[in-house]
Amino acid sequence: MIENKVAYEILYIKDFGKGMHRRTAKIKLLENNVTREDLQNLTRDIWLEHGQDVDELVTVFYLPDMDTSSVSYAFGGCMKGKGCYLTVDQ
């Protein structure tokens, strides 16, 4: 899928939580040259498309050659009424 000029693949989307309904989206980026702004925009777009029925959507980003069962490259997320955030390990 290509969104905001960033090629990516959604590996899975999983719901969890009882008191606060949350959703996690595991995302594999298909290229290494993404900016912080690209990831922030992608997080917001995934929230708008897949997160409107939950309290929080967390995005977990992996670069193309990363082991997706290990540490991620970046975390993002959006919460109802609180906006979006991004944490990148650089």
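Which residue does the disulfide join to C78? The partner is C84, with an S to S distance of 1.9 Å. A disulfide here is a pair of cysteine sulfur atoms within 2.5 Å. The model is predicted: local features need pLDDT of at least 70, side-chain atom pairs count only at pLDDT 80 or more, and totals for chains, interfaces and linings use all residues. Residues are numbered from 1 along each chain as its sequence is written, and side-chain values use heavy atoms, with hydrogens and water left out.

**The disulfide**
- The structure holds one disulfide.
- The torsion about the S-S bond of C78 and C84 is about 100°, so this disulfide is right-handed.
- C78 is buried, at 1% relative accessible area.
- C84 is partly exposed, at 44%.
- Buried means under 20% relative accessible area, exposed over 50%, and partly exposed in between (1.4 Å probe, protein chains only).

- R23 sits in strand β3, which covers residues 22–29.
- Strands (E, at least two residues) are DSSP runs, numbered from the N terminus.
- R23 is buried, with a relative accessible area of 9%.
- The R23 side chain makes a polar contact with the side chain of D15 at 2.5 Å.
- The R23 side chain also makes a polar contact with the side chain of D53, at 2.7 Å.
- A polar contact is a pair of N or O atoms within 3.5 Å; within protein, one must be able to donate a hydrogen and the other to accept it, and residues adjacent in sequence count only if both atoms are side-chain atoms.
- Leaving aside neighbours within four places in sequence, R23 is in contact (heavy atoms within 4.5 Å) with residues including F16, H50, E56 and L57.

Terms used:
Helix = DSSP H or I, 4+ residues; strand = E, 2+ residues; numbered from the N terminus.
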